[in-house]
Every structure is written in structure tokens, then in C-alpha cells.
Amino acid sequence: MSSTTTASTQPVTIAGGYSFNGHLKVPGDKSIAHRALMIAALGQRPCEIWGLADGQDVHHTRQAVEALGAHVEDLTDNAVRVTGGLTGTSEPIFLGNSGTSIRLLAGMVAGFDFNTILDGDASIRRRPMARVIEPLTAMGGSVQGSGPEGSLAPLSIHGRRLRGVYHSLPVASAQVKSALLLAGLQAQGTTTVHETQLTRTHTEEMLVAAGAKLQRNDLTVTIWPGPLDPSDIHVPGDPSQAAFWLVGACMTPDSNLTVSNVYLGPARDGFLEVLQSMGADIDVDSSSGDIRARSSVLTATRVAADKLPRCIDEVPILAVAAAASEGVTVFEGVEELRVKESDRVAAIVDLLVGLGVDCQVLIQNGRQCLGVSGIGNGQKFKSAIVNARADHRIAMAAAIAGAVCVGSVTVEGFESTATSYPGFARDLTVVSGTAVVGADSNEAIS
């Protein structure tokens, strides 16, 4: 995998009034790529991984498994061969802005006979880690956090023999579920995780494919300890990245865009259901993963709290779709968005208000909700300067919003797109013809 190209740190400006057409293949799914690298590092034989995204988050996971002892060999720009074998490292492992990396790796290494320090950037050091520290400690692990309550990164993990436990997740989290399942591979007895809401099932699917003994029963997953023997892994396109382009096509005139080879497995297609409930003109080919979106007349919808985990990463761009629609859209139970790469609730409010859209945080039935009053189909956002808050999804949502802007949108912190999608600016130019002024024209495209 080639090294990540960091975009220019100067603000970029996107002129309004464009549409989305043609065919596009987005980078490989980031969530699957993280897990593929970790599972391959735990494997008993070399494993080839194809379709890795060239984003900073995935690159940090690659560096982590290499530091821990796995050998990673480049095959092409987006393919590697991983030979497993974890021996540990005395050096801290830096994971940048990747919450998936730090939480899953904590579970992966907790049962090995070596010590590990996991750290990240300022954003990671603010994100809650107690949700993974506490259940790993209940398994007999030694995971010590930092900060006043010992619940923040960096994490110091003293490897020791683990025991299987039953754990019910208080907050829907595929990351915590995955961390416990990876820890369960090294534990004595079975490890069972119960979730009250279905979260993405990549870890379960990939562990079974790698030979793990695992059983799912509705919302409960049980894993037995044992070695892994993964076959080669092909990473499909990232639905969270596809969502930006599909929303862009739906809310702009004269658009007809197909995004190909998108992962459409359980708990990752929620954003499509939201768009379809808004009246989006979308065709989905479940066999190929191709999704076609055309100019649409969008109307408001309500996204229930129990549906939000299935589209949690897509809320920023779905909020932009809501802003361009007719009526008031409500996203229920958005508290978890407060502890992402940024406070995404506040970031979305700032983004939409800056574009001239009424967007407010509401309290309904004791839950935080996000209410977006759309400007109506065919209307335009006003020009805006947006601070992306070092959050890749806010930066990309702002850029797509530029399509229905009467003037232009300037994005400060656009370089954060390199976290997951280094080629975003180039792809925006390819499918829309618009120039992204200030962006590095040499950005990598995955």
C-alpha cells in the first residue's frame, strides 16, 4: 500500500451549481479493511488483502500490525500480503484519528503475553475509552487509560490470560463488540456479547470466514477461543463514502450517477433506507453492489433512534440531503455523534446554519434529536465558510453541499479528507466537472 498523501492545509473553495454524472468506484470499505489487517495478523498463514483504501486510518492500522510483529508486503497500490505472528513492541503505537483502530487493537492484544501502548492524536485522546476498558478488565485484562478518570487514551495494556464473559453493550457499538470478540479468541471459555441494537457485522462475518467458532443468535454473538486461518480477502467499496456521491446526485438537477461494487451487508445499508424514505430515485443491484442515483424530489423523513446505528457515519451527508428537501427531518437519539472525530452534532448545526438552513438540537422523549428544516427542492444554499473541525465526514459533506450553493462553499480543514478518502477532491472533479480550488491536484485516488 502506498503512503498516504496529505492534502493542502489551505482552505479549499467549491463553486456551486454542478451535478453528478457517470460511474465511480469508491475506496475500499474502511471498517472491513481495519478488520482484515488484524485478522490476517492473527492468522496461521500468509493472507492477501485486495482493495485496501489508501487513507490515513487504514494506514495506521497497517503500521500497528507491523509494529506488533506481522509482516506486510505490498503487492499493488491497494493490495498487500500479510504474514501473521504477533510478538509485541516496546514503542507506543500511534493510531492517528482512528477510533476503530485503537478500540479493536485493545481487544486484539489484551490476551497476548506482551505489553502494548496505544495512542492517537488530540481527537482520539478526547474520545471515550471506558466502554472498551471496562469489559476487557472484566475478562481479566489489564487495560489502563489516562486522564482524571483513567478513561482516555493513551491506553497501556499489560497482556495476560483472559477469561470469557457475558457482556451486554450499554451503547450500540460495533467497535466494542469487535474488541471483545477479538479478545475472546485468546480467552478461556466462551465470550458472549449482547447488543440491544444491531450494529455492523463485519467482524462476525470475517471471523467465521477465517475459521473461528462463532455463533450469532439475533442480537447475541458467542465466540470460542482458537486460531484463525484466513483466506484471501477482497474489500468491497465503502458505503459511507458512496453515500456522499449518491446524496449529491439525488439533490441536484440533471444528475445520473452510478457507484459500483459497494458493500451492502447487514447494518450498513441504513442510509439507503433513509434516502428512499425521502423519495430518492435510487436503484440498487444487490448482486453487484452497484447503486444508481438520479435527480430526485426529496421530502422530509424521521430517522428513529433504533435505526440510527445503521447509518451513524452517514448522518452528516444525510443532514445535507434533509437541508435540500421539503419539510422538517428529525434524526432521533444523536448523542453518540457527540463523541466521534468531532462533536458531529455541533458540527452539522454549524454547517447547515452557515448555509442558511434552520437546524437545531431538540430534546424529544428525553433524547437529543437533530431537526433540519429543508429549504425545499430547487432552492439554493447561501455561500458559506465552513470549519470542518478536522473531521473528514464534515469536510466532505460541506463539499457536496456546494453543489446546491448559490455561490461557493469554502472548507477550512479540507485536508482531513485524507483520513479516509485522499482522492475525494479528484473524484469530485471527475463526476461533477467542478474545480476544487486550493486542493492538491496530486491527491491519491483509491
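Visitor: Why is Asp313 called buried?
Guide: Asp313 has a relative accessible area of 11%, and buried means under 20%, while exposed means over 50% and partly exposed lies in between (1.4 Å probe, protein chains only), so Asp313 counts as buried. This is a predicted model, in which local features need pLDDT of at least 70 and side-chain atom pairs count only at pLDDT 80 or more, whereas totals for chains, interfaces and linings use all residues. Residues are numbered from 1 along each chain as its sequence is written, and side-chain values use heavy atoms, with hydrogens and water left out.

Visitor: What makes Arg344 and Asp313 a salt bridge?
Guide: The closest N and O atoms of Arg344 and Asp313 are 3.9 Å apart, and a salt bridge is a side-chain nitrogen of Lys or Arg within 4 Å of a carboxyl oxygen of Asp or Glu, so this pair meets the rule. The two residues come from distant parts of the chain, 31 residues apart, with Arg344 in helix α10 and Asp313 in the loop between β20 and α9 (315-323). Arg344 is buried as well, with a relative accessible area of 0%.

Visitor: Which residues are linked with Asp313 and Arg344 in a network of salt bridges?
Guide: The network links Arg200, Asp313, Lys340, Glu341, Arg344, Asp391 and Arg393. By the same rule, the count comes to 28 salt bridges.

Visitor: How do you know that Lys177 and Glu195 form a salt bridge?
Guide: Their closest N and O atoms are 3.2 Å apart, which is within the limit of the definition, so the pair is counted. This pair too links distant parts of the chain, since Lys177 belongs to helix α5 (residues 174-184) and Glu195 to the loop between β13 (191-194) and α6 (202-209), 18 residues apart. Lys177 is buried at a relative accessible area of 0%, and Glu195 is buried at 1%.

Visitor: Why are Arg62 and Glu66 separated by about one helical turn?
Guide: They are separated by about one helical turn because they lie 4 residues apart in helix α2 (residues 56-67). Arg62 is buried at 7% relative accessible area, whereas Glu66, at 31%, counts as partly exposed.

Visitor: What do the buried residues of α2 pack against?
Guide: They pack against α1, β4 (71-76), β5 (79-83), β6 (93-94) and α3 (99-109), where contact means heavy atoms within 4.5 Å. The buried residues of α2 include Asp57, His59, Thr61 and Val65. After α2 comes Gly69, whose phi is positive, near 125 degrees.

Visitor: What makes the span of helix α1 close to the expected one?
Guide: Helix α1 (residues 30-41) has 12 residues and reaches 17 Å from its first C-alpha to its last, close to the 16 Å expected at 1.5 Å a residue, where the expected span is 1.5 Å times one less than the number of residues. In α1, 12 of the 12 residues are buried, so this helix is largely enclosed by the rest of the structure. At the start of α1, a side-chain oxygen of Asp29 reaches to within 3.0 Å of the backbone nitrogen of Ser31.

Visitor: How do you know that β4 and β5 pair?
Guide: Two strands pair if DSSP finds at least two bridges between them, and β4 and β5 have 5 bridges, in the antiparallel sense. Helices (H or I, at least four residues) and strands (E, at least two) are themselves DSSP runs, numbered from the N terminus. One of the bridges joins His71 to Thr83 in β5, and the two strands form a hairpin with 2 residues between them. Strand β3 (residues 47-50) also runs antiparallel to β5, joined by 4 bridges, and Glu48 stands opposite Arg81 in β5.

How values were computed: Polar contact = N/O pair within 3.5 Å; in protein donor to acceptor, adjacent residues only side chain to side chain.
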